[in-house]
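Please keep the sequence and the model in view while reading.

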Amino acid sequence: MSFASQAREEIAQRSLQLQKDCCVRAAAYGIACFAKYFDAKGLVLQTEQELTARVAEQLFARCGVQGTITEKSRPSGVVYEFGIREPEQVVRLHELFGTTGSETSLQIDPKLIRCQTCVSAYIGAAFLCGGTVTDPQKEYNLEFLTSRTNLAKDFEALLAEHEFAPHRTRRNGVNLVYVKSCANVERILAFMGAAQAAQQIGAQKAMKQVRNQINRHTNCDTANLGKTARANAQTLKAIRFLQEQKALETLPEVLQEAAAKRMENPDLSLAALCACFDPPVSKSGLSHRMKKLEALAQSMRERMEQEEQH
């Protein structure tokens with residue numbers, strides 16, 4: 001089951017468990033607003049999810065409006081259609097919402113969304129009819145689609161009122177209201193009743209944070225290893241040059257010891273090399289000795305080049 005299907009199933013089950021009459025009506029109103037047709041002839045909801053059609057049927061039945069479900073075969077698969085077309089039921093439908101079906105545009109009537117649960121029931125029903133959510137392993141994005149422009153504006157305002165930070169645009173002639181960011185998608189899923197889907201997003205976020213932290217540490221360690229290798233190679237080159245020129249044995253004992261330890265442990269970091277001394281030396285002290293060896297080698301090279309030129 002896809003992540004979106006899982007979320008849709010959770011919301012559908014929660015919609016069937018609504019207790020208060022006002023919340024049941026708000027959910028039915030959400031289905032009417034986001035259905036394919038809602039006009040003087042009645043209501044038609046088309047969905048690929050049989051459970052969504054069953055939820056619509058039961059919600060309207062609890063409101064005293066009877067509808068029917070039919071199955072239609074399409075090249076893409078089976079489509080379930082919930083319809084309210086009987087004249088008597090259409091009258092009850094519009095009485096339920098205080099509409100006539102001849103309105104020039106459909107907008108949200110706030111009188112039909114009375115309490116906080118009404119809001120979540122309405123938004124959840126909208127998601128069942130025209131919503132989807134991206135798998136959190138890919139990105140964080142939850143969308144609601146509707147062909148009704150004024151409805152989209154009102155719906156965006158409703159989501160904004162509840163601090164879900166929505167955005168609105170048009171795609172292929174359809175209005176799109178969407179929510180981005182992990183926190184907002186997680187919150188709105190939980191608000192609509194998809195608690196497990198919301199928890200999955202939270203868990204996925206935690207995994208991404210751990211993965212990113214590991215990657216940062218790995219990149220940092222890799223960079224440090226590269227830096228250490230370059231520094232060691234430079235020091236070893238200087239020591240070998242001094243050795244070739246028979247100059248190493250003329251240096252102070254502390255520098256000879258530092259050169260010997262580095263030759264014995266070419267891959268150790270400076271901090272790790274400090275522990276090879278007895279007694280151990282400080283990192284700054286050992287760094288000074290290595291720089292001294294490099295400087296002596298450079299000075300000797302320059303002097304030899306000048307002698308060759310003369």
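Helix 1 and helix 5 are oblique to each other, because their packing angle is about 135°; angles under 35 degrees count as roughly parallel, over 145 as roughly antiparallel, 65 to 115 as roughly perpendicular and the rest as oblique. The axes of helix 1 and helix 5 (residues 116–130) lie 10 Å apart. Such axes are lines fitted to C-alpha atoms, for helices over the stretch in contact, and the angles run from 0 to 180 degrees between N-to-C directions. Helices (H or I, at least four residues) and strands (E, at least two) are DSSP runs, numbered from the N terminus.

This is a predicted model, in which local features need pLDDT of at least 70 and side-chain atom pairs count only at pLDDT 80 or more, while totals for chains, interfaces and linings use all residues. Residues are numbered from 1 along each chain as its sequence is written, and side-chain values use heavy atoms, with hydrogens and water left out.

On the side of helix 1, the residues A7, R8, I11, A12, R14 and S15 meet T117, S120, A121, G124, F127 and L128 of helix 5, where contact means heavy atoms within 4.5 Å. This contact comprises 6 nonpolar, 4 polar and 2 charged residues; Ala, Val, Leu, Ile, Met, Phe, Trp, Tyr, Cys and Pro count as nonpolar, Asp, Glu, Lys and Arg as charged, and the others, Gly among them, as polar.

Helix 1 (residues 3–16) also packs with helix 3 (residues 50–62), at an angle of about 15° and with the axes 10 Å apart. That angle makes the two helices roughly parallel. Here R8, E9, A12, Q13, S15 and L16 of helix 1 meet L51, T52, V55, Q58, L59 and R62 of helix 3. The classes in this contact are 5 nonpolar, 4 polar and 3 charged residues.

Beyond its neighbours within four places in sequence, L43 contacts several residues, including F38, F60, F82 and L93. L43 and L93 are 50 residues apart along the chain, yet their C-alpha atoms are separated by 8.5 Å.

Turning to the whole, the chain has 11 helices and 8 strands, and 44% of its 310 residues count as buried.

Conventions
Buried means under 20% relative accessible area, exposed over 50%, partly exposed in between (1.4 Å probe, protein chains only).
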